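These are my notes from going through the model. I wrote them in the order in which I looked things up.

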Amino acid sequence: MAAISNLAGCSHGGSSVNFGERRLTFRPTPALKTRISWPSKNPLAVGHLGKGYKNSGVRMALVDEKLARRGDLPKPSDILAFDLVQGALVKWSSVTDRSLPEPPTAVFLHGILGCRKNWGTFTRRLAQEFPTWQFLLVDLRCHGDSASIKKRGPHTVSSTALDVLKLVRQLRLTPRVLVGHSFGGKVALSMAEQAAKPLARPVRVWVLDATPGKVRPGGDGEDHPEELISVLSTLPQEISSKRDVVDVLVRKGFSKDVAQWVVTNLRPTGPLGSSPSTFSWVFDLKGISEMYKSYEETNLWKIVEDVPRGVHVNFLKAERSLHRWALEDLQRIHAAEELAAEEAAGVEMHVLEDAGHWVHADNPDGLFKILSSSFQ
């Protein structure tokens, strides 16, 4: 398995990932060859991985010397920050011989206030199970390492989708599967709506715990993204203690899980390797506020009720995320299922048991089983 990144700031180096207080860990396959490539003038690329990889064949990888001499090493994208996680049988690279057939590609998109590393552990597991596939993980505009790549407004679902379409075109990829969680789900739908290319036909779109239209906020005792963004906007840009931020958010009524997840967006401000005295936010909160407003207002029912030929849209509802789904939503999706079947397209509804909105943290095994059908 290879993990190729255009920026090192959003680390994918370990074999586990934190979601709030839950830590998910997947054991690596002993026979798996892991190659980490970092774009650099130095052709020697070093990958630092967790202790679980100690005996799994992980090593320093010498990037092909011919590529290094020609200067064809992958360059940081000026569009979005990304990681490309490749299965062990993938030989393709956007800078190598173009005569090589492109492997099947899936794009994974995070939600509001998220980061591409949210999908790191899950996609590495997919790459182990489906070694001929590769998985593109993206930091959306105003988020993670992409926040330093300045974008013109408006910051909308549509403009965010266009960013990802530009990125896959730049990388010369033709995705067969799009997976988006929450806000990222609407982005995936917008990608399918905006462009026949560079999307393959057929293409499968997975919208995880989001509806195409009206966004319904959480009920009493649940977290409200708009209120969370508002509270974060009152905090200073530089933070002395992550714990202080967690305490503030909990006192404001947010769950400890969400508070601890939010502070993963804090990065040390001091020199690399030094003990951090202060932290700064990696995201552009003003832009994110615009994005969330667009998420609430964007209506994409048209593409669901008139699905283009060759597109298959899958909605996944988290069993415990009842506030996000109205009876009207479910009825319209089921009606679209019947209509799409007549048009050589597809709409399908799935339910992930024992999961709240954070589907890839609450029930990763169940989500893996459901999504695996797209990679067979």
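Helices (H or I, at least four residues) and strands (E, at least two) are DSSP runs, numbered from the N terminus.

I noted that this is a predicted model, in which local features need pLDDT of at least 70 and side-chain atom pairs count only at pLDDT 80 or more, while totals for chains, interfaces and linings use all residues. Residues are numbered from 1 along each chain as its sequence is written, and side-chain values use heavy atoms, with hydrogens and water left out.

Entry: H3 and H4.
I looked up helix H3 (residues 157-170) and helix H4 (residues 183-194) and found a right-handed crossing. Their axes come within 8 Å and cross at roughly 70°. Axes here are lines fitted to C-alpha atoms, for helices over the stretch in contact, and angles run from 0 to 180 degrees between N-to-C directions. H3 and H4 are therefore roughly perpendicular to each other; angles under 35 degrees count as roughly parallel, over 145 as roughly antiparallel, 65 to 115 as roughly perpendicular and the rest as oblique. For contact (heavy atoms within 4.5 Å) I listed residues on both sides, including Val157, Ala161 and Leu165 in H3 and Phe183, Val187 and Met191 in H4.

Pro154 lies in the loop between strand S9 (134-138) and H3, and the peptide bond joining Gly153 to Pro154 is cis, with omega about 0°. Cys142 sits in the loop between S9 and H3. The phi of Cys142 is near 70°, positive in a residue other than glycine. Cys142 counts as buried at 4% relative accessibility; buried means under 20% relative accessible area, exposed over 50%, partly exposed in between (1.4 Å probe, protein chains only). Ser182, in the loop between strand S10 (177-181) and H4, has a positive phi of about 60° and is not a glycine. Ser182 is buried, with a relative accessible area of 9%.

Entry: H5 and H8.
The axes of helix H5 (residues 225-232) and helix H8 (residues 285-297) come within 10 Å and cross at roughly 165°. That makes H5 roughly antiparallel to H8. H5 passes H8 in a left-handed crossing. Among the residues making the contact are Ile229 and Leu232 of H5, and Leu285 and Tyr292 of H8.

Entry: the cores.
A nonpolar core is a set of buried Ala, Val, Leu, Ile, Met, Phe, Trp, Tyr and Cys residues joined through side-chain atoms within 4.5 Å. Which residues have the most contacts inside the largest one? I found Leu113, Leu136, Leu232 and Phe315, in a core of 76 residues. Domain 1 (82-215 + 297-374) and domain 2 (225-288) both give residues to this core, so it lies between them; the bounds come from an automatic or database domain assignment. A second, separate core of 26 residues includes Val85 and Phe130.

Entry: an exposed loop residue.
Pro101 is in the loop between strand S7 (82-86) and strand S8 (105-109). Pro101 counts as exposed at 67% relative accessibility.

Key. A crossing is left-handed if the near helix is turned anticlockwise from the far one by less than a right angle, and right-handed if clockwise.
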